[in-house]
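Me: I am new to reading protein models. Could you walk me through this one with a few questions and answers?

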Amino acid sequence: MLGSGAMTNSISEIAEAACIFVIGSNPTAAHPIIGRQIIRAVRNGAKLIVADPRETPLCRIADIWLRHRPGTDVALLNAMARVIVEEKLLNTAFVEERCDGFDAFAEAVMASALSFNAQIAGVDVRDIAEAARMYASVSPATIFYAMGITQHSHGTDNVRAVANLALLTGQIGKPSTGVNPLRGQNNVQGACDMGALPDVFPGYQKVGDTKIRKKFEKAWGCKLSSSPGLTLTEVFGAANSRDVKALYLVGENPVLTEADTSFIEEAVSHLELLVVQDIFLTETAQMADVVLPAASFAEKNGTFTNTERRIQRVREAIKPLGNTRLDWEIICDIAKEMGAKGFDFDSPEQVMKEISKVTPSYGGITYERIEGTGIQWPCPDKKHPGTPYLYAEKFTTPSNRGQLTPVFYRPPAEETSREYPLVLTTRRSIFHYHGTLSRKVPELNVLRGEEQVEINPADAAGLGIEEGETVKVISRRGTVRAKAKISGTTPPGVVSMTFHYPETRTNVLTHGALDPVAKIPELKVCAVKIEREIDYRSEYLGWGTGKD
């Protein structure tokens, strides 16, 4: 719709935003530096709209809190778009000059009554209308989102609906505006930029484009496929069906972090060869045929590209420990052992020189230029200062215009039932990142050392559950045990858990249904039931004593 998948604007611009809309993200826990920037902006007078089923810290300081049901983001966002169109709050000049598809989009959002979408989302019509008016009329306005809207079987539509709001109102292409996905880890953006996706070469250059493919064939001296490969989630399905026989994992622990991890374990067990390259012997590495010990961030030189597209230097603080080696050295040595050409690098800086030659958005990046605070891509040449915000003059779509796109509400792939009456949604704790890294730090385990299932007081009372007691959380895929945390933070009918604890593998429960476009699994919505953990020993000791 816009041209690239990255934050359109810079973190420093949050301070000047007049309106901030946060949806599908709890930045105070998952992105605390950005969370602090948002809080500071609100204290300085910015309006804040938050859409979240849970009462996060930002909800408590928001001007408007839209507490929608999990999985109803499209209904909520379409309702906001309808108000903007109906009340003529759109930026007509921007839409006419810089966007395509308005007529079809407007027809789609007007086709569903505001009350209908509000009922699906479980939000008062007046609150939706107030939020739409605020976002459209208070400028500059910026949107932040994260995996709360992407990890759904309709995650792509959720993101399209967010982008529609920005295009409709012209809240993009200027400082302190835009559509800003918050990356979950320090170099996720950099990994995507370098082509760690099945359908692109570095810099999001499509493998199916003959001209681009020939450019890379010439640079790398080999023949390249024109067919996209498999996404991460598709790889495990192919392994389960024996279509993928060998898997080389670098810095990934899917046995803990993927949806429906029992299926992941089964799929991995069918592989003829599993190679894991990581800094710890993870749960997945324990299943591997070969483990390649890698160095951590503190033991290497190179670059990270952060969530605002800023390419920054990483410098070695300590020498690699034990028998660990640098990732790029391991990969290059394996390639050379297999007879590949072009892997004779002496340093990460040499790798970056090749990146800048074949990747237009990194064309002006050199180690000398990023020595200080780094540079934000696109940076096409060595005189270019970098780009704090995108799309000032044009979008990077084929037509150079933003694409307003009709989207329609679809329910989650798995809904509640009489047997499984509760919705489980997953989240992160501020104290941990997944479970591979932070669980190794004793001090963090003191702050949060075990899994808890967050449950509303009304649901807890109905089930006879008391604070701190161990309960069973059961889905159609498996069962885990966790201690109950009774809290109004989670609404009635919804329970919430993190996924940081290997001893309580929450993702045994989650649903592996995939978004048809992005192939991301529906980690944020699945149906569960909760049962009390029965202490059979206590019951046995009570028999015959009048307590039975």
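This is a predicted model: local features need pLDDT of at least 70, side-chain atom pairs count only at pLDDT 80 or more; totals for chains, interfaces and linings use all residues.

**Salt bridges and a helix**

Me: How many salt bridges does a search of the whole structure find?
Reply: Residues are numbered from 1 along each chain as its sequence is written, and side-chain values use heavy atoms, leaving out hydrogens and water. A salt bridge is a side-chain nitrogen of Lys or Arg within 4 Å of a carboxyl oxygen of Asp or Glu. Searching the whole structure gives 28.

Me: Which residue forms a salt bridge with R315?
Reply: The closest N and O atoms of this pair are 3.0 Å apart. The pair links distant parts of the chain, 56 residues apart, with R315 in the loop between strand 13 (310-314) and helix 15 (327-337). Helices (H or I, at least four residues) and strands (E, at least two) are DSSP runs, numbered from the N terminus. The partner, in the loop between helix 16 (348-358) and strand 14 (375-376), is E371.

Me: Is R126 buried or exposed?
Reply: Buried means under 20% relative accessible area, exposed over 50%, and partly exposed in between (1.4 Å probe, protein chains only). R126 has a relative accessible area of 64%, so R126 is exposed.

Me: How far apart are the end C-alpha atoms of helix 2?
Reply: The expected span of a helix is 1.5 Å times one less than its number of residues. Helix 2 (residues 32-43) has twelve residues, so helix 2 should span 16 Å. The distance between its end C-alpha atoms agrees: 16 Å.
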